[in-house]
Amino acid sequence: MQRYTDCPQVLRDFLSYHETIKGQSPRTISEYYLDLRMFLRFIKLMRMDMPIHARLDEISIQDVDLNFIRSITTSDIFDFLSYLANDRTVDPDAPAPEYGIEPAARARKLSSIKSFYKYLTVRTKQLTVNPVADIEYPKLRKSLPKYLTLEQSAALLKAVSGPNEKRDYAILMLFLNCGIRRSELVGLNLSDVYEDRIRVVGKGNKERFVYFGSACRKAIDAYLSERNKKVLTDNRALFGSRDGNRISVTAVHRLVKKHLLAAGLDAEQFSAHKLRHTAATMMLSGGVDVKTVQEVLGHENLNTTQIYTHIENTELKVAAEANPLSKLDFSKED
């Protein structure tokens with residue numbers, strides 16, 4: 001928490017709770033901090049009755065205390081959301097800045113505020129009234145996740161070559177078979193590989209086991225015969241880099257892009273994360289129920305997993321064909 005020296009104590013305690021008790025990542029903590037700092041700056045500026053555009057980023061929140069936060073009303077929060085939707089700009093120095101940030105960005109900031117007040121009212125009971133409890137999230141445009149087809153996935157695997165061929169092939173097989181995150185793959189140790197599964201440490205340091213098939217096991221074994229001859233600076237690591245260190249998230253990103261290009265696939269459209277989407281899509285199209293896929297992917301909320309249910313579902317097609325009306329043709333010919 002030393003890096004957040006401009007925080008009031010009540011905000012520092014909230015960030016510390018999510019870091020030490022909830023076990024959330026430094027990136028998540030940083031996003032909470034930035035969102036809530038902007039929110040509290042806005043409320044202070046409104047109380048000072050001063051113009052918003054030139055002054056918001058200069059406002060100090062060090063003097064904010066529990067009484068100040070207690071005085072914030074639902075109306076104040078609506079004013080902040082209105083500011084985000086109509087007046088906030090990402091790049092105020094642009095020649096022609098555009099005002100109003102995207103619904104997804106507004107939703108994230110609202111989520112941070114909701115978490116803050118839940119901590120104050122439910123977790124620590126410092127407040128009795130939650131002014132944000134009943135505020136709905138901005139309506140988001142739902143876009144279908146991009147994923148590789150079976151043919152594209154096969155082309156990607158066939159395109160793997162080079163000095164790290166066995167390592168890269170095993171990495172791609174794990175992504176496509178297990179749907180793990182890049183950060184989870186980077187964190188894998190040799191001791192995390194079992195006969196038919198891997199132990200993964202996901203978000204919030206939550207552990208889960210993810211099973212893989214025989215083809216993935218074969219790819220891992222081929223790589224292990226090579227890996228066991230090497231000594232890394234962190235010799236627990238399953239995957240190493242050419243400089244002898246544990247492989248990094250950036251290196252994984254680069255190797256995936258490299259092999260996508262070699263396979264003739266759009267490296268701008270696809271990425272390591274899209275391979276996770278591909279694994280989820282393949283599981284669902286193969287008949288795995290969405291709750292099981294949720295557990296495999298390590299999603300805390302089932303709604304997150306349900307974005308993958310856009311794929312063709314054989315059972316739904318069978319149900320449609322079973323409807324007697326589906327056989328009737330009422331079209332009129334000339």
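I began with tyrosine 17, which counts as buried at 17% relative accessibility, where buried means under 20% relative accessible area, exposed over 50% and partly exposed in between, with a 1.4 Å probe and protein chains only.

I noted that this is a predicted model, in which local features need pLDDT of at least 70, side-chain atom pairs count only at pLDDT 80 or more, and totals for chains, interfaces and linings use all residues. I also noted that residues are numbered from 1 along each chain as its sequence is written, and that side-chain values use heavy atoms, with hydrogens and water left out.

Next I looked up ring pairs (Phe, Tyr and the six-membered ring of Trp, centres within 6.5 Å; planes under 30 degrees apart are stacked, over 60 edge-to-face, the rest tilted), and the count came to 11 aromatic pairs. Tyrosine 17 and tyrosine 119 form a tilted pair, because their ring centres are 5.3 Å apart and their planes stand at 40 degrees. Tyrosine 119 is buried too, at 8%. I found that ring pairs link Phe14, Tyr17, Tyr32, Phe116, Tyr117 and Tyr119 into a cluster.

Then I asked how many disulfides there are. The count is 0, a disulfide being a pair of cysteine sulfur atoms within 2.5 Å. The sulfur of cysteine 178 has its closest cysteine sulfur in cysteine 216, and at 4.9 Å this is too far for a bond. Cysteine 178 is buried at 0% relative accessibility, and cysteine 216 is likewise buried at 0%.

Last, I checked arginine 217, which is buried with a relative accessible area of 15%, and I saw that it is in contact (heavy atoms within 4.5 Å) with residues including Val193, Tyr194 and Phe212, its neighbours within four places in sequence being left aside.
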